[in-house]
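Welcome, and thanks for taking a look at this one. Please open the sequence and the structure side by side, and keep both in view as you read the notes below.

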Amino acid sequence: MARSRTEEQQPHTSFLSRPGVRRLVPFAVITAIALVFVFENRESVKIRLLVPEVTMPLWGALLIAWGLGVLASVIMLRRSTDRQPPRQK
């Protein structure tokens, strides 16, 4: 008996159980909370960068720190996936 096209496909998985979505949801939630925190802190502060002292809005400093954290995470994730051997099926 010939199989239909739907029988040959993998079973349907829910949207939230997919690995890509499970990684993206916590990132989106943490990013939203961080951005609310950043934009609620708008007063100017003095920041010392080793030698120079800079006066800038606190939200700008927090946004720069958040961006550097995201950049560091992306770099570390790429390095860890480059080191893993290819998966065998």
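**The hairpin and its turn**

In the hairpin of β1 and β2, four residues sit between the strands, and L50 takes a positive phi near 60° there. Please keep in mind that this is a predicted model. The protein chain has three helices and two strands, and from the N terminus on its elements follow the order α-α-β-β-α.

**More on the two strands**

- Strand β1 covers residues 44–48 and strand β2 covers residues 53–57; the two run antiparallel and are joined by five bridges.
- L50 belongs to the loop between β1 and β2, and its positive phi of about 60° comes although L50 is not a glycine.
- Is L50 buried or exposed? L50 counts as exposed, because its relative accessibility is 82% and the cut-off for exposed is over 50%.

**The salt bridge**

- How many salt bridges does the structure hold? There is one, and it is formed by E53 with R48.
- The closest N and O atoms of E53 and R48 are 3.0 Å apart.
- In general, side chains of opposite charge can pair when their charged atoms come close.
- R48 lies in the residue range of β1, and E53 in that of β2.
- R48 counts as exposed because its relative accessibility is 54%, whereas E53 at 44% counts as partly exposed.

- N41 sits in the loop between α2 (19–40) and β1.
- N41 is buried because its relative accessible area is 17%, and the cut-off for buried is under 20%.
- The side chain of N41 reaches the backbone oxygen of F37 at 2.6 Å.
- Which residues is N41 in contact with, leaving aside its neighbours within four places in sequence? They are L58, W59 and L62.
- T31 is found in helix α2, and T31 is buried because its relative accessible area is 14%.
- A polar atom of the T31 side chain lies 2.7 Å from the backbone oxygen of F27.

- I64, L68, L71 and I75 make a nonpolar surface patch of about 380 Å².
- Where is the place of L68? L68 is in helix α3, which spans residues 58–83.
- L68 counts as exposed because its relative accessible area is 53%.

**The chain as a whole**

- The protein chain has 89 residues, of which 8% count as buried; N41 and T31 are among the buried ones.
- The protein chain exposes about 8500 Å², and carbon and sulfur atoms supply 64% of that area.
- Taking contacts in the protein chain with a separation of 6 or more, 19% are between residues 24 or more positions apart.

Methods:
Residues numbered from 1 in each chain as written. Predicted model: local features only at pLDDT ≥ 70, side-chain atom pairs only at ≥ 80, totals over all residues. Heavy atoms only, no water. Pairing = 2+ DSSP bridges. Patch = residues over 30% accessible without salt bridge, like charges linked within 9 Å, V, L, I, M, F, W, Y side chains within 5 Å. Areas by Shrake-Rupley, 256 points an atom, 1.4 Å probe, with all protein chains shown as cover. Salt bridge = Lys/Arg side-chain N within 4 Å of Asp/Glu carboxyl O. Buried < 20%, exposed > 50% of the residue type's maximum accessible area, 1.4 Å probe, protein only. Polar contact = N/O pair within 3.5 Å; in protein donor to acceptor, adjacent residues only side chain to side chain. Contact = heavy atoms within 4.5 Å.
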